[in-house]
Amino acid sequence: MLHIKNLHAAIDGHEILRGINLDIKPGEVHAIMGPNGSGKSTLASVLAGKDDYEVTDGSVTFEGKDILEFSPEDRAREGIFLAFQYPVEIPGVSSNIFLRTALNQIREYRGQEPLDAVHFLKLVKEKMALVEIDPKLISRSLNEGFSGGEKKRNEIFQMAMLEPKLAILDETDSGLDIDALRIVANGVNKLKSPHNATIVVTHYQRLLDYIIPDFVHVLYKGRIVKSGDKSLALELEEKGYDWIKEESELVS
Amino acid sequence: MTDQIKDNFNSFEAQLNGESKLPWHKLRKEAYSAFESKGFPGPKDEEYKYTHVGRLFEKKVHYSIPKDEPTKSPRSVPTTFHEEDAIHIAIVDGVVAKISGSAAIEQGIVVITLREALKSHPEELNTHFGKYADINKDPFTALNTAFSYEGVFIQIPKKKKVEKPIILHYHFRNQKEGSVQTRNLMLVGPGAEVNIVESYSATSSQAFFGNHVSEIVVEPNAHLNYFKLQNQGSLTCQIDNTFIHQKRDSEVRTFTFTLEGKLIRNNLNIALDEENSTSHMYGLYVAHGDGHIDNHTVVDHRVPNCYSNEIYKGILDDNSKGVFNGKIFVRQDAQKTNAFQSNKNILLTDTASINTKPQLEIWADDVKCSHGCTTGQLDEKQLFYLRSRGIGASTARAMLLHAFVNDVLDNIEIDFLREFINSEIYKRLD
């Protein structure tokens, strides 16, 4: 589904990703862990098409298409979804209109008929229940005045609405209390299918108690320096990142 | 420099048979001398520092009595609104051409031409006409007064709640370069409620110069919503001077929407003459191409316990220029005044610009006043967030611009009007 080959990316001439290689198949959950500043969020942003970053080398193909050539909206329409670490507040844009516009532009791209108001609202109700989000939130401006937990939950709600093939959760656990964490993780798990894949970017192992990864990768200084199964996450929790740093310094 | 205008004035006067004894006639003469002594504002005129307008008016403009008499040329209302939604007045090329049927005009409401009012409401004209539009301050007001002839007189009787808005449709279709000057007097009686709209449009392919003055008196406990909708093609130049006087317990909301024009200058002057009055001033300007839009507002707190709030927002594209100058005067007696002002702008290009200046002059000591202005670009983070959800770049931009202007538009209470203005703005933004 997703093939990342030797991906290098820089911001303001400063190289942050230094040769990422990663293959993801449908149905898989990949966790990307690593100390602060290792490039985790950069990887998520580059995949979503944020143009602050310049891709200096390598390739990313998604379902056979070179998505580095695609605009952010076209990546979304192809089925990539980024749950933001810091969801943006947009006063004056109603959540309702925002979601319907997004959904219908994605449908149009895929040659589907737009959803009418009735079907749209039906879908909203259904998905809201899935992520246990307060229906009042959708009548408000997008993320405006939402608490940290509400914003994160709203990200998962949007993901439920847009049904991406590849979801990238960027530090979705940061700032969540244990109840909110459980609800968000439940939402993600319910949306899991053999046809879609998830990348969970996180600093802590905590979220991985709820979203069980098939693979865990450790990112350090812009490279994946170690991969394993879920036991690697537990090991990191116990020992911290220092031994990984030492190991990788020895290798390089 | 103004010889041509002087000739115009002399021949204009000569055509006004039998008016030499009227006070109006005297006022015209005074106004002309006031204009003559001042002339058009030059580059050093502080009030017109960013808007060099005189030369345009000086060279190309002829002033005379409009030739068409209304009865001879009944024209349909060039409207985008449904006939039955409002009371319509068509002012075509500066001539009041049609006032919609008497059935539409509810009992007691007076909507007639200024010339008719001269005969039927001489007392009101003597009391109010030219009493608020100060000919010694703004040369365009003086010029308009000197040539005042055509316009609309509106009187809303005591306690009358006028259900339908009264819409003045100014339409320019003349295919020659030209100018129009209209002059309105609107009296909103005690306890009355009314919505008045002045809507400007053009099908003319020529440059057009409009110099409009309206005097409005809002009597005790009356409510007025007053709209200006300027959407008249990229060739039009317009100077608008509006003078509103508010009496005790009155409430006024003004809405000034400028969507297109070569050079638009609005002088909105609100005087709070009596206690406990409230004014809301909303403005929205969307400029593109080489358009130039200038809003000068004055709210004059003359007495205690009044409230004023002003929100003006601008979106400037291409090489367009915006000017905002908001004056708040709080006189020494005007204790317990609340006065707020905000001007926010988005520049869509590097070549668009805005000059914004709040100007507070406060002589009272027990007041709450605030002002603020911001100028910036569209927020890249917000844009990326929308696009990352599959929303195309141009739609995302339009959504953000809409969000920016919504807190102005949301204050329009008349549904069809809000929808119309909304859709006009959509057309501009998309």
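Q: What is the hand of the crossing of helix 8 of chain B and helix 9 of chain B?
A: In this predicted model, the crossing of the two helices is right-handed. The term applies when the near helix is turned clockwise from the far one by less than a right angle.

Q: How do the axes of helix 8 and helix 9 of chain B lie to each other?
A: The axes of helix 8 (residues 393-409) and helix 9 (residues 415-429) of chain B cross at roughly 150° and come within 11 Å.

Q: Why is helix 8 of chain B called roughly antiparallel to helix 9 of chain B?
A: Angles over 145 degrees count as roughly antiparallel. The crossing angle is roughly 150°, so helix 8 of chain B is roughly antiparallel to helix 9 of chain B.

Q: Which residues make the contact of helix 8 and helix 9 of chain B?
A: Helix 8 of chain B supplies A398(B), L401(B), H402(B), V405(B) and L409(B), and helix 9 of chain B supplies R418(B), I421(B), N422(B), I425(B) and L429(B). By class, the contact has seven nonpolar, two polar and one charged residues.

Q: Why does K336(B) count as partly exposed?
A: A residue is buried with 20 or more other C-beta atoms within 10 Å of its own and exposed with 12 or fewer. K336(B) has 16, so K336(B) is partly exposed. K336(B) is in the loop between strand 16 (321-330) and strand 17 (338-347) of chain B. Its phi is near 60°, a positive value in a residue other than glycine.

Q: What makes N6(A) count as exposed?
A: The limit for exposed is 12 or fewer C-beta neighbours. N6(A) has 12 inside 10 Å and therefore counts as exposed. N6(A) lies in strand 1 of chain A.

Q: Why do strand 2 and strand 5 of chain A stand at the edges?
A: The open sheet of four strands has the order 2-1-4-5 in chain A, with antiparallel pairing. Strand 2 (14-24) and strand 5 (65-66) each have a single partner strand, so one side of each is left without a neighbour in the sheet.

Q: Which strands does helix 1 of chain A lie across?
A: Helix 1 (residues 40-48) lies across strand 1, strand 2 and strand 4 (54-62) of chain A, and runs at about 70° to strand 2.

Q: How many bridges join strand 11 and strand 12 of chain A?
A: Strand 11 (residues 215-220) and strand 12 (residues 223-228) of chain A run antiparallel and are joined by five bridges. V218(A) stands opposite K226(A) in strand 12 of chain A. The two strands form a hairpin with two residues between them, and K221(A) in the turn has a positive phi of about 50°.

Q: Why is E238(A) called exposed?
A: E238(A) has 8 other C-beta atoms within 10 Å, and 12 or fewer means exposed. E238(A) is found in helix 7 (residues 230-239) of chain A.

Q: How many residues of chain A are in contact with chain B?
A: 20 residues of chain A are in contact with 17 residues of chain B. On the side of chain A that touches chain B, 12 are nonpolar, five polar and three charged.

Note on methods
Residues are numbered from 1 along each chain as its sequence is written. Chains are lettered from A and ligands numbered from 1 in the order in which they are written. This is a predicted model: local features need pLDDT of at least 70, side-chain atom pairs count only at pLDDT 80 or more; totals for chains, interfaces and linings use all residues. Two residues are in contact if their C-beta atoms, placed from the backbone, lie within 7 Å. Ala, Val, Leu, Ile, Met, Phe, Trp, Tyr, Cys and Pro count as nonpolar, Asp, Glu, Lys and Arg as charged, and the others, Gly among them, as polar. Two strands pair if DSSP finds at least two bridges between them. Axes are lines fitted to C-alpha atoms, for helices over the stretch in contact, and angles run from 0 to 180 degrees between N-to-C directions. Angles under 35 degrees count as roughly parallel, over 145 as roughly antiparallel, 65 to 115 as roughly perpendicular and the rest as oblique.
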